Amino acid sequence: MAELFMPKLNVPEGKNSEHTALIEFADLSLYYGASKALKNISLTLGEKVVTAFIGPSGCGKSTLLRCLNRMNDLIDNVRIEGACKIGGHDIYAKDVDVIELRKRVGMVFQKSNPFPKSIYENVAYGLRLHGVKNKSELDGIVEKSLRSSALWEEVKDRLHTSALGLSGGQQQRLCIARAIAIKPEIILMDEPASALDPIATARIEDLILDLKKEFTIVIVTHNMQQAARISDQTAFFYIGELVEFGATSKIFTNPSQKRTEDYVSGRFG
Amino acid sequence: MENHFEAGIENLRQKLLVMASHAEKSVNEAVQSLMQRNHDLALRVKADDDVIDKYEVEIDEMAIHLLTKAPLASNLRLVTVAMKISQNLERIGDEATKIAKRSRDLAQEPPVKINLDLPRMANLALAMVKDALDSFVQKDSVAARAIIPRDKEVDALNKQIHQQLAQHMMENPDTIARCLNWIVAAKSLERIADHAKNIAEEVVYLCEAQDIRHSH
């Protein structure tokens, strides 16, 4: 596992990303029992870019996202074929330490899920789990993470009050702070703003654009305009298939596939 | 935390202002080349036109990119207005190029002995362009509305110059080719004033969300 994220692949010309590759799905299929939910997905995602997964409900975009930190392992009867590589290494190889993988691949969910603890403890939780005990080190990382998630100024005077007292948008930014505190390489976001009002959504979107300087971000969203606003590349899925992948500007102005055109222009889905 | 969308909108606005300064400069130089029979200046206007054309394409690209992000309210108006203003600026650049071309031809011939009110017409058209762009920068719809009736004055001058030149051509058939160049140059100034008026109307829409085109 130590070398899992070491090499950075250069995507050969003609492949589907212009950025340095970090994530690669190679002919990946996923089955829930006998049902094939993901069908032979091959996709390469760039490093330190925002990739949006879009598609109608049930298309497999969240399932594919969850492959990246092996969240699907927690579901019975799930079987995977093909490979899912990060930094050139298959994360489904037998020697992979899943705890270590999830440290490297953080996740933010649709509904904010702060622990019923203080704001400080929410951010420090993962660090403590990974053995950080020194208080000044913890203080430093908590502050840096809260600053990075644009929450510091709002909470610096009440760090030791309950996180559950924060607004929905603040809770979601706290979850982002918690995810980035353990310095992941990749952040997965599953509809992170779908339960927020437009102002809180705009803050999350600006935050995502700031975070991509340091992190590789993969986001599932049902909001086409959100995908257009924040992502560099977009993948469109339909009934378990990858229909089209490319630069977001191209997907939203001149998609190659009719199904993509129909979906992004609201004709179906 | 940076507001990335607002930054994109501001970039578009800045790009439009740079394009506007090029268009304004082109008209100034074209008019000077015509009045001063300056061949070099006329050549420079042609080169500037290529720059203006490039800005038009870039502004359209930026605007389309911003539109995919679903701008709303004043941001939506700004993006659509930016596309229309850039189109008008591109045409102002084209008209400046036409004037410069006629000025090159006229500079190679002896001057036509006729008193035309063309300097006044040029000053009026130039002031309309400048004021329309200022009203955009200041987001001043009152100033923009005040520009619109000034177009009639330019139209009247163009008509007067046209009549004078027609008369002169009948009386001096050897000057027909040169007079036609003056007619085209005056017509281009009249079109420049039209585009300035169009820009002013777009500024009113930008500020007040009211479409006043074809209402006066």
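In helix H10 of chain A, which spans residues 258–264, the side chains of A:Lys258 and A:Asp262 meet in a salt bridge, with N and O 2.9 Å apart. This is a predicted model, and the values I quote are computed from it. A:Lys258 is exposed, at 61% relative accessibility, whereas A:Asp262 is buried, at 12%.

Which other residue forms a salt bridge with A:Asp262? It is A:Arg267, and here the closest N and O atoms are 3.0 Å apart. A:Arg267 has a relative accessibility of 56% and counts as exposed. A:Asp262, buried as it is, therefore has A:Lys258 as one salt-bridge partner and A:Arg267 as another.

I turn to a second pair in chain A. A:Asp232 and A:Lys212 form a salt bridge, and their closest N and O atoms lie 2.8 Å apart.

Over all chains, the count comes to 32 salt bridges.

A:Ala150 is not a glycine, yet its phi is positive, at about 55°. The residue is placed in the loop between helix H4, residues 135–148, and helix H5, residues 152–155. Is A:Ala150 buried or exposed? With a relative accessibility of 16%, A:Ala150 counts as buried.

B:Ala209 is found in the segment after H7 of chain B. At 43% relative accessibility, B:Ala209 is partly exposed.

Let me now describe chain B as a whole. It contains seven helices and zero strands, and along the sequence its pattern reads α-α-α-α-α-α-α. Its radius of gyration is 19 Å, close to the 17 Å that the globule rule gives for 216 residues, so chain B is as compact as a globular protein of that length. Along the principal axes, the C-alpha atoms fill a box of roughly 70 × 35 × 20 Å. Of the 216 residues, 47% count as buried. Among the contacts in chain B with a separation of 6 or more, 83% come from residues 24 or more positions apart.

B:Asp194 lies in helix H7 of chain B, residues 176–208. B:Asp194 is buried, with a relative accessible area of 12%. Which residues does B:Asp194 touch, leaving aside those up to four places away in sequence? They are B:Asp151 and B:Asp155.

Finally, I come to the interface between the two chains. Twelve residues of chain A are in contact with ten residues of chain B. The size of an interface is often given as the accessible area lost when the parts come together. For chain A and chain B the buried area is about 950 Å², and carbon and sulfur atoms give 65% of it. On the side of chain A, A:Asp206, A:Asp210 and A:Arg229 supply 44% of the area buried against chain B, more than any other three residues.

Which elements of chain A give two or more residues to this side? They are helix H7, residues 198–211, helix H8, residues 224–230, and helix H9, residues 248–253. The largest share, five residues, comes from H7 of chain A. By type, the residues on this side of chain A divide into five nonpolar, three polar and four charged.

How many salt bridges are counted between chain A and chain B? The count is zero. For polar contacts, the count between the chains is three residue pairs, with both residues at pLDDT 80 or more.

Conventions:
Residues are numbered from 1 along each chain as its sequence is written. Chains are lettered from A and ligands numbered from 1 in the order in which they are written. Side-chain values use heavy atoms; hydrogens and water are left out. Contact means heavy atoms within 4.5 Å. Buried area is the accessible area (1.4 Å probe) that two parts lose on being put together, summed over both. A salt bridge is a side-chain nitrogen of Lys or Arg within 4 Å of a carboxyl oxygen of Asp or Glu. A polar contact is a pair of N or O atoms within 3.5 Å; within protein, one must be able to donate a hydrogen and the other to accept it, and residues adjacent in sequence count only if both atoms are side-chain atoms. Helices (H or I, at least four residues) and strands (E, at least two) are DSSP runs, numbered from the N terminus. Ala, Val, Leu, Ile, Met, Phe, Trp, Tyr, Cys and Pro count as nonpolar, Asp, Glu, Lys and Arg as charged, and the others, Gly among them, as polar. Buried means under 20% relative accessible area, exposed over 50%, partly exposed in between (1.4 Å probe, protein chains only). The radius of gyration is taken over C-alpha atoms; the globule rule is 2.2 Å times the number of residues to the power 0.38.
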